[in-house]
Amino acid sequence: MLEKATDIIFFDDNAAIIEAQDSIDTLYIIIKGMVKEIDASGEILALYHPSDSFDTRALFGQSYRHSFIAVEQSLLYAMPKTIIRTLIEENSEFGAYFFANIADKLKNQSDHRRENELAGLFTAKVRDAYRSYDELYDGSIGLIAATKIMQINKSKSLLIHHDGKSV
């Protein structure tokens, strides 16, 4: 039943997969690519990679709270909400697995956000860098000042000009 109803959908770079307040009719799982979750202010809340599903909580609501954007070209499984809900209701083992999986993901996501608040300053990866830099900061800037600027800009990095190089 689920296999026949599942589609594979392609999204290009920066394509909107879901807009906030869209009605919920599909559960997405990433096959290839990366997807970002953003809130109304444009702050990135999470990045999703292959094998991740996103906003499974929404299956039990009427609309999405956040927007989901393909960071790069992405292939996604698209599974109808009605079939997922039917499987949960009719198959207690699937339902238990599904809810345990959601609980684990939410806990891991919460733990991951807390752990990475400072770690992100030192472990930024080029592949996740999709922020445009509109200001160049002098290399003499202090760590506290740099941290405050990143907080204000909701960023995990700054572009610094030091000794004739941009780093």
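In helix α4 (residues 143-153), the residues Ala-146, Ile-149 and Met-150 are buried, where buried means under 20% relative accessible area, exposed over 50%, and partly exposed in between, with a 1.4 Å probe and protein chains only. Viewed down the axis of α4, the buried residues fall within an arc of 100°, so they line one face of the helix; the arc is that of the directions from the helix axis to the C-beta atoms. An α-helix has 3.6 residues a turn, so residues three or four places apart point the same way. On the face of α4 turned away from the buried side are the exposed residues Ile-144, Lys-148, Gln-151 and Ile-152. After α4 comes Lys-154, with a positive phi near 50°.

The model is a predicted one, in which local features need pLDDT of at least 70 and side-chain atom pairs count only at pLDDT 80 or more, while totals for chains, interfaces and linings use all residues. Residues are numbered from 1 along each chain as its sequence is written, and side-chain values use heavy atoms, with hydrogens and water left out.

The protein as a whole contains four helices and 10 strands. Helices (H or I, at least four residues) and strands (E, at least two) are DSSP runs, numbered from the N terminus. From that end, the order of elements is α-β-β-β-β-β-β-β-α-α-β-α-β-β. Of the 167 residues in the protein, 30% are buried. Among contacts (heavy atoms within 4.5 Å) between residues at least 6 apart in sequence, 70% join residues at least 24 apart. The accessible surface comes to about 11000 Å², and 53% of this surface belongs to carbon and sulfur atoms; accessible areas come from the Shrake-Rupley method with a 1.4 Å probe, and for residues only the protein chains shown count as cover.

Attention may now turn to the aromatic rings. Rings of Phe, Tyr and Trp (its six-membered ring) pair if their centres lie within 6.5 Å; planes under 30 degrees apart count as stacked, over 60 as edge-to-face and the rest as tilted. The count by this rule is one aromatic pair. The ring centres of Tyr-48 and Phe-68 are 6.2 Å apart and the planes stand at 45°, so the pair is tilted. Tyr-48 belongs to strand β5 (residues 44-48) and Phe-68 to strand β6 (residues 67-70), so the pair ties together parts that are 20 residues apart in sequence. Tyr-48 is buried, with a relative accessible area of 9%, and Phe-68 is buried at 0%.

The loop between β6 and β7 holds Val-71, which is buried with a relative accessible area of 15%. Val-71 and Ala-16 are 55 residues apart along the chain, and their C-alpha atoms are separated by 9.4 Å.

Two further loops contain residues other than glycine with a positive phi. Asn-14, in the loop between β1 and β2 (16-18), has a phi near 60° and is exposed, with a relative accessible area of 56%. Ser-51, in the loop between β5 and β6, has a phi near 80° and is exposed at 60% relative accessibility.
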